[in-house]
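Below are some questions and answers on a protein model. Look through the sequence and the structure before reading on.

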Amino acid sequence: MKKTNRFLTILIFIFLYIPMFVLIVASFNTGKDITNFEGFTLNRYVELFHDEHLLKLLGNSLLVSVLASLIATVFGTVSAVGINALNPKMRQAAMTLTNIPMTNPDIVTGVSLGLLFVFIGTKMLGQRDSLTFWTLLIAHITFSLPYVILNVMPKLKQMDRSLTDAAMDLGCTPFQAFYKVTLPEIMPGIVSGGIMAFTMSLDDFVISYFVSGLDFVTLPVEIYSYTKKPIQPKIYAMFTLLFALIFVLMVAMNVMQIQGDRKKKEKRAVSDSKAMRTFKRVAAGFAAVVILVALGFGIFGTRQEQITLNVYNWGQYIADGSDDSMEVIAEFEKRYPHIKVNYSTYDSNEIMYSKLSNGGITVDVIIPSDYMIARLIEEDMLLPLDFDNIPNYSYIDESFKNTSYDPENVYSVPYTWGTVGILYNTKHVDVADVTGWELLWNEKYKDKILMFGNSRDAFGIAQYLLGYDVNTTDKAQLQECADLLKAQKPILQQYVMDEIFATMQNEEAWIAPYYAGDCLVMMEENENLAFYLPEDQGFNLFIDAMCIPTCAKEKEAAELFINFLCDPEIAGANMDWICYSTPLSAAKNYMDPETVSNPVSYPSDEVLANGSSYAYLPEDISRFVESLFMDVRNS
């Protein structure tokens, strides 16, 4: 039995640590393929330390984690002492309440805290930017507190309470008794709790995603947007350094625990002296880290003379310099050195709309899709553009002007356009089955089919398959679409958005509907993938356009940014990397000829004639569709 347990333990550790080992090896690999080690290099670390953006994000994460863990350690220790002084029943009740934040799903905690901060900020304090660095810090302190309390409580239980009474009998005040007697005894638990709080804060993504604004983004939130393209090797170096940091902290925590146990066998005076020296060293170390991080953050993040332009866009929807592409934002900042771009991402129109409508953030430029632009116009959430500041608008093709969502060309400038079709794996999917949208309902490929995770695209596919108007407001037809989606669910692997990239490229799934531009990216990574449009049934033809929301603070700078992206040379380099189609014919002169001639990016006029665009649906219909889709996903 012991051998079996030992063997299972070894297997578990292998399973846990092999991915980390692979990541560490990849950070020293000269090649980009993690499955093929081509040679040793430190260039990934050199690239990392020359990337000002990533270093700033790392500084943001360290700053929040250090401050949150320090504050949580202080309040958690005081709380643990108070809870320990309660009678047994009250103590049990307090510990139950303490455990709730840890057992509560992160997404519930994140959403609830986000709503609370928005309500207090906008409704009670009248602030537009209700989600800021401070809300992020408060949230991290909140979920870190229980870890400190649970680490300190066992040390308090192990301590002889009569020691504190004896100290006060000998003339100590309650504070002196705590400082000289209680604190040294529980110090290992305090340090362990502080380190645990730091690691949990540094690692957090879900809660941070819902409580942070656009002015202060942590590294995990930023890394989430990198899933749409192959991860750059310098990110492996970043992960390796973070793993090393956490590993060192965990070793230190265990050393502290061992030292704490040993102290019980030594003389009390010696024990107290060593414990206090340890406490002072740890406190001094944390203080030094805070100062260094704050100084680093100041170096990278503060230039009082600059304008900060907040751009809110889809994940990895602008060339970032990887794969020898142009780093568009860096080029803009070179041309306009007085403007600093703060770039943040979202993964659906609905998430972007939710953050804007809730009033939690201030944004200067957004890039929503056509139907969402119509909704934003209808709800007076966009500012009219001053086209005197956007002279490059003249390069936009006439076919992309006077659109249904912005018929008078007042609020938007087209950024990209594209189609929605089906991506499939030619190695596993029979070409005879590739006929139309019904492929997504083919039971032969059960558990290998993916589906859109947003209601508009999912219902759009059902409407095309049933032959209904893609913008229907008939509730009976919409209910029929929901029934069709319910019938599909048992054969689906999962509902996805950006998760599709890894799943399709790694051949974990074989069939999925998605946007043509992103499908091209996946096809470049896996030669077995192919794309087609169900021409006979119809498909979505969309436009994503640049707009300025009413909450914008830097309208003129936003118009300069929009104008910059409409420069044909910039647009050409940008579209070559993101693989979407450009609304500027002049930009094609600066693009790879193979991209321009690719029928996935640029279908023929005959094919495009079968496409249709989503229109803005009335509020009651939008809510009805959302409720139906929620029912589908929960069925």
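Contact means heavy atoms within 4.5 Å. The model discussed here is predicted.

Q: Which residues in α15 meet Asn349, Glu350, Met352 and Tyr353 in α14?
A: Helix α14 covers residues 349-358 and helix α15 covers residues 370-378. The contact involves Asn349, Glu350, Met352 and Tyr353 on the α14 side. Of the residues in this contact, five are nonpolar, one is polar and two are charged. The partners in α15 are Tyr371, Met372, Arg375 and Leu376.

Q: Are α14 and α15 roughly parallel or roughly antiparallel to each other?
A: Two packed helices are described by the angle between their axes and the distance between the axes. For α14 and α15 the axes are 10 Å apart and the angle is about 20°. Angles under 35 degrees count as roughly parallel. Therefore α14 and α15 are roughly parallel.

Q: Is Thr98 buried or exposed?
A: Thr98 is in helix α4, residues 88-103. Its relative accessible area is 10%, and buried means under 20%. Thr98 is therefore buried.

Q: The backbone oxygen of which residue lies 2.8 Å from a polar atom of the side chain of Thr98?
A: Leaving out residues up to four places away in sequence, Thr98 touches Ile83, Pro146 and Ile149. The backbone oxygen at 2.8 Å from its side chain belongs to Ala94.

Q: At what distance does the side chain of Thr135 reach the backbone oxygen of Val211?
A: Thr135 is in helix α6, residues 133-158, and counts as buried at 8% relative accessibility. Beyond four places away in sequence, Thr135 touches Phe117, Ser130 and Val211. Its side chain reaches the backbone oxygen of Val211 at 2.8 Å.

Definitions and conventions: Residues numbered from 1 in each chain as written. Predicted model: local features only at pLDDT ≥ 70, side-chain atom pairs only at ≥ 80, totals over all residues. Heavy atoms only, no water. Helix = DSSP H or I, 4+ residues; strand = E, 2+ residues; numbered from the N terminus. Buried < 20%, exposed > 50% of the residue type's maximum accessible area, 1.4 Å probe, protein only. Polar contact = N/O pair within 3.5 Å; in protein donor to acceptor, adjacent residues only side chain to side chain. Axes fitted to C-alpha atoms, helices over the stretch in contact; angles between N-to-C directions. Parallel < 35°, antiparallel > 145°, perpendicular 65-115°, else oblique. Nonpolar A, V, L, I, M, F, W, Y, C, P; charged D, E, K, R; others polar.
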